[in-house]
Amino acid sequence: MDNQTEYINALINLHCGLNRQGPGDDEFSRFILSQLPVLPPKPRIADLGCGTGVATLLLAKYYHSQVIAVDFSSDFIQELEIKAKQAGLEDLITAIHGDMAKLDWPPASVDLLWSEGAIYNLGFKDGLQLWYPLISPHGIAVISEMSWFLEDVPEPVTQYWQASYPTMGTEAENIETATRCGFKVLATYKLPSHCWWYNYYQPVRERFKEIESTPINQSVISEMEEEMRLFESFSDFYGYTFYVLQKGVK
Ligand code: SAH
C-alpha cells in the first residue's frame with residue numbers, strides 16, 4: 001500500500017461510526033430545503049460523496065422520495081445501509097459504492113442534487129461541470145464548498161489551505177464559476193462556525209481517543225489538530241458556504 005492510500009484509509013477509519021464526515025447541521029439543512037423552489041412530486045434525489053449518509057437519511061425523510069447516495073468508501077456505504085434499515089428507510093435509499101466523478105446516469109435524471117463537504121475532491125468547477133448534465137431542467141443543486149469569506153487572510157491560514165486545497169475560491173469566485181457552468185445562483189448560506197465544533201470537530205476529537213496509536217493515525221491526528229487550531233482562531237476568514245443552484249434559468 002502506498003503512503004497516500006494508507007493515509008486515506010486511516011482518515012476513513014477515523015471517520016467511521018461518526019454521524020458526519022464533514023461540517024454540517026441537520027437543522028440548517030432543513031432550513032435550506034424549506035427555502036427551495038417547489039420540486040416535482042416525488043423528486044429524484046442524489047446525495048454525492050454521501051459518507052455514512054447523514055444528508056441521505058434527512059432527504060429521504062423530508063421528501064418521502066427515492067434518494068441515490070454515492071461514496072468512494074465501501075465502509076461508509078455499509079454504515080449507511082445499516083442506518084437506512086434502522087430508520088425504516090431502506091426502500092427509499094439506494095447506496096452505491098462508486099466514483100461521483102464517473103456517474104453513467106441518464107442526462108436530466110436528477111431533480112435535486114445534494115453534495116455536502118465533498119465536491120472539493122473533484123474541484124468546484126470540475127464537479128459542477130460533471131454534474132450539470134445529470135440535473136433536470138429547472139432542477140436544483142445544493143452544494144457546500146469551502147470558501148474564503150474575507151480578504152487579507154492571515155499567513156498561517158493561507159499557508160495551510162494553499163497546501164490542502166489550493167483552488168479554494170471566495171464566495172464571489174464560486175458564484176461566478178457556477179454561473180459560467182450554466183447555473184443560476186438562487187442563494188448562498190454560510191454554515192455557522194458552532195456547527196463545525198458541535199457536529200464535526202468535537203466528535204472527531206472523541207474518535208482520536210478510540211483509534212489505535214499507530215504512526216499513520218498519529219499523523220492524521222496532528223494534521224486535523226492543526227486544522228482545528230486554525231479554525232478556532234480564524235473562522236471569520238473561511239468556512240463552508242452552501243450554494244443553491246438552479247439549472248436552465250438564466
Ligand atoms: N457528505 C458527507 C461526507 C463528507 S466527507 C457528510 O457531510 O458527512 C467527503 C466524502 O466524499 C467522503 O465520504 C469521501 O469518501 C467521499 N468522496 C471523495 N471523493 C469521492 C469520489 N470521487 N466519489 C465518491 N465519493 C468520494
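1. Which residues does Ser65 touch, not counting residues up to four places away in sequence? They are Lys42, Pro43, Ile45, Ala60 and Leu92, where contact means heavy atoms within 4.5 Å. Ser65 is placed in the loop between α3 and β2 (67–71), helices (H or I, at least four residues) and strands (E, at least two) being DSSP runs numbered from the N terminus. Ser65 counts as buried because its relative accessibility is 3%; buried means under 20% relative accessible area, exposed over 50%, and partly exposed in between (1.4 Å probe, protein chains only).

2. On the basis of the note: this is a predicted model, in which local features need pLDDT of at least 70 and side-chain atom pairs count only at pLDDT 80 or more, while totals for chains, interfaces and linings use all residues. Residues are numbered from 1 along each chain as its sequence is written, and side-chain values use heavy atoms, with hydrogens and water left out.

3. Helix α3 (residues 54–63) contains Thr56, which counts as buried because its relative accessibility is 0%. The side chains of Thr56 and Asp47 are joined by a polar contact of 2.7 Å, that is, a pair of N or O atoms within 3.5 Å; within protein, one must be able to donate a hydrogen and the other to accept it, and residues adjacent in sequence count only if both atoms are side-chain atoms. With residues up to four places away in sequence left out, Thr56 touches Asp47, Cys50, Val67, Ala69, Leu80 and Ile93.

4. Leu59 is also found in helix α3, and with 0% relative accessibility it counts as buried. Although Leu59 and Asp47 are twelve residues apart along the chain, their C-alpha atoms are separated by 8.6 Å, and Asp47 is among the residues that Leu59 touches, together with Leu33, Ile45, His64, Val67, Leu112 and Trp114, again not counting residues up to four places away in sequence.

5. Met100 lies in the loop between β3 (93–97) and β4 (110–115) and, at 10% relative accessibility, counts as buried. Leaving aside neighbours within four places in sequence, Met100 is in contact with Leu48, Gly49, Val70, Ala118, Asn121, Leu122 and Trp131. Of these, Asn121 is 21 residues from Met100 in sequence and 9.7 Å away in space, C-alpha to C-alpha.

6. Of the 17 residues around the ligand, those that come nearest are Gln21, Gly49, Asp71, Asp99 and Met100, a residue being near if one of its heavy atoms lies within 4 Å of the molecule. A backbone N or O atom of Met100 lies 2.8 Å from a nitrogen atom of the ligand, and a polar backbone atom of Glu116 is 2.9 Å from a ligand nitrogen atom. For Gln21, a backbone N or O atom lies 2.9 Å from an oxygen atom of the ligand. Taken alone the ligand exposes 580 Å², of which the protein buries 91%, with accessible areas from the Shrake-Rupley method and a 1.4 Å probe.

7. Two backbone angles deserve a look. Most residues other than glycine have a negative phi. His138, in strand β5 (residues 135–148), has a positive phi near 70° and counts as partly exposed at 46% relative accessibility. Asp152, in the loop between β5 and α6 (155–164), has a positive phi of about 50° although it is not a glycine, and at 73% relative accessibility Asp152 counts as exposed.
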